[in-house]
Amino acid sequence: SVSPVHVVIEAKEQDKFVEVVKNIHKSFGMIILEDLSSPGSVDIEERLKEELSIPVLDGNQHGNGIVTFAGLINIAKQVNINLKESSVGFLGFGSKANGIHKMLQSYGVKEMRAYEIRPEAIDRVKRVGIEHVEDLNTLMEKSDIVIGTARIGGIIKFGMVKPGQIILSLSKPEPEIKPEIAMKAGAKYAGDGRLINPLLIIPGIVKGTLSARAGKVTMGMMMEAANKLADLALPGEILPNIFDEGLHDKIAAAVKQAAIDEGVANLNESETDDDKSEKDKAQDIYDKIRSMNEWM
C-alpha cells in the first residue's frame, strides 16, 4: 500500500519552495506536487527532477495530461478520426495544457498551436516549439481539436465553433463553452472539465513507480498509463469510472512494467518476474478449491 503524507509549503518564492522540498525529500519515496501556481509549477517540477534523487510528479500538469490524452484516444475512435493527423489548438497554455501537449507530442501529433495573452505563457509556447496565434478566431479556424484551459467561462462563442470540431472545455467552474452549446453549433464531440479527473491516474502511477523503485517517472511510463486507462473504459465510454474495481492496480502494474522495460526500475531479478511467487500461486489454488467446495 501507499501512505501519502500531505505537506503544506507556504513559500511564495520559487527558490524557497525548492529549497524546502530538497530539505525534506529524503523522508519520502516520491514527491507529488499539487496546487502550485501556474506557470511557475512547470519550472519548479523541472528543477526538482534535476536536483532530487527520487521521482517527482506535478499532479496537475501530468495528471490532467495523461487523463486528457487517454480520453482523446477513445474520442478519436468514437468519432472516427486520426488523432496523429489532427490539428490541436490550446486555448490557454498553463501547466495543464503543457502536460497535455507533452503527451500529444510523444504520441506523434505534429500540428499544434496555442493562443495566450500572458507573457510568461507565450514564452513557454515558443519554447516548446508550437505556433502562437494572435487571436482566438484564428485558433478556432485552424484547429480540428480545441482544448480549453483559459479559465474564462464562455469565451468560445457559438459562431466560433467549426463543424466537425472536437472541443474539450476543461476550465472550472465554468467551461470555455458548455458542451451542449458546442454540439448545437456543430461540434462532433464536446466535453468539459467533469470528464477529466486526475484521480483516475495519480494513485496508479504513484503505486507503479514506487513498486518499481524507479528513479524517475518517464514519458514512456506516462504513455503506458494513458493507454491502459483508455483500454479500461467500457464500450461507448470515454474514460473509466474512478471507482471501477481494480482500476488503480491495473494502471500500477502497467506503469511498473513500463519502468522495467525502460530500465529505470531498481529491482532484483526475482522482482521483475511477471509470474507470481510459488506462495502466491499456492494461495490462489487453495482459494479456488475452497470456493468450489462452498458451491458443491
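Q: Which residues does Asp-192 touch, not counting residues up to four places away in sequence?
A: In this predicted model, Asp-192 lies in strand E8, residues 189-192. Neighbours up to four places away in sequence are set aside. What remains is Ser-169, Leu-170, Pro-175 and Pro-179.

Q: Is Asp-192 buried or exposed?
A: Buried means under 20% relative accessible area. Asp-192 has a relative accessible area of 10%, so the residue is buried.

Q: With which side chain does the side chain of Asp-192 make a polar contact?
A: Asp-192 sits in strand E8. Its side chain makes a polar contact at 2.8 Å. The partner is the side chain of Arg-194.

Q: Where is Pro-173, and what is the omega of the cis peptide bond that joins Lys-172 and Pro-173?
A: Pro-173 belongs to the loop between strand E7 (166-169) and helix H7 (179-184). Most peptide bonds are trans. The bond between Lys-172 and Pro-173 is cis. Its omega is about 5°.

Q: Is Arg-151 buried or exposed?
A: Arg-151 is in the loop between strand E6 (145-148) and E7. Its phi is positive, near 60°, and the residue is not a glycine. Exposed means over 50% relative accessible area. Arg-151 has 67%, so this residue is exposed.

Q: What relative accessible area does Arg-213 have?
A: Buried is under 20%, exposed is over 50%, and partly exposed falls in between. Arg-213 is partly exposed, with a relative accessible area of 43%.

Q: Which residues of helix H8 are buried?
A: Helix H8 covers residues 202-211. Elements that cover its buried residues include strand E1 (31-33), strand E2 (56-58), helix H3 (59-79), helix H9 (219-231) and helix H10 (247-262). The buried residues are Ile-202, Gly-204, Ile-205, Val-206, Gly-208 and Thr-209.

Q: How many residues apart in sequence are Ile-130 and Arg-113?
A: Ile-130 is in the loop between helix H5 (119-128) and strand E5 (131-132). Ile-130 is buried, with a relative accessible area of 11%. Its C-alpha is 5.3 Å from that of Arg-113. In sequence, the separation is 17 residues.

Q: With which residues is Ile-130 in contact, leaving aside its neighbours within four places in sequence?
A: Ile-130 sits in the loop between H5 and E5. Its neighbours within four places are left aside here. The contacts are Phe-90, Phe-93, His-101, Met-112, Arg-113, Ala-114 and Val-125.

Q: Which backbone oxygen lies 3.1 Å from a polar atom of the side chain of His-132?
A: His-132 lies in strand E5 and is buried, at 17% relative accessible area. Its contacts beyond four places in sequence are Ala-114, Tyr-115, Glu-116, Ile-122 and Val-125. The backbone oxygen in question is that of Glu-116.

Q: What separates the C-alpha atoms of His-132 and Ile-122 in space?
A: The two residues are in contact. They stand ten residues apart in sequence. From C-alpha to C-alpha, they are apart by 7.2 Å.

Q: What separates the C-alpha atoms of Glu-141 and Gly-89?
A: Glu-141 is found in helix H6, residues 136-142. Glu-141 is exposed, with a relative accessible area of 58%. Gly-89 is 52 residues away along the chain. The two C-alpha atoms are separated by 9.5 Å.

Q: At roughly what angle do the axes of H1 and H2 cross?
A: Helix H1 spans residues 14-24 and helix H2 spans residues 40-51. H1 passes H2 in a right-handed crossing. Their axes come within 10 Å. The angle is roughly 40°.

Q: Which residues in H2 meet H1?
A: From H1 come Gln-14, Asp-15, Phe-17, Val-18, Val-21 and Lys-22. By class, the contact has five nonpolar, two polar and five charged residues. The H2 side supplies Gly-40, Asp-43, Ile-44, Arg-47, Leu-48 and Glu-51.

Q: What percentage of the residues of the protein chain count as buried?
A: The chain has eleven helices and eight strands. It exposes about 15,800 Å², with carbon and sulfur atoms supplying 50% of that. Of its 296 residues, the buried share is 45%.

Methods:
Residues are numbered from 1 along each chain as its sequence is written. This is a predicted model: local features need pLDDT of at least 70, side-chain atom pairs count only at pLDDT 80 or more; totals for chains, interfaces and linings use all residues. Side-chain values use heavy atoms; hydrogens and water are left out. Axes are lines fitted to C-alpha atoms, for helices over the stretch in contact, and angles run from 0 to 180 degrees between N-to-C directions. Helices (H or I, at least four residues) and strands (E, at least two) are DSSP runs, numbered from the N terminus. A crossing is left-handed if the near helix is turned anticlockwise from the far one by less than a right angle, and right-handed if clockwise. Contact means heavy atoms within 4.5 Å. Ala, Val, Leu, Ile, Met, Phe, Trp, Tyr, Cys and Pro count as nonpolar, Asp, Glu, Lys and Arg as charged, and the others, Gly among them, as polar. Buried means under 20% relative accessible area, exposed over 50%, partly exposed in between (1.4 Å probe, protein chains only). Accessible areas come from the Shrake-Rupley method with a 1.4 Å probe; for residues, only the protein chains shown count as cover. A polar contact is a pair of N or O atoms within 3.5 Å; within protein, one must be able to donate a hydrogen and the other to accept it, and residues adjacent in sequence count only if both atoms are side-chain atoms.
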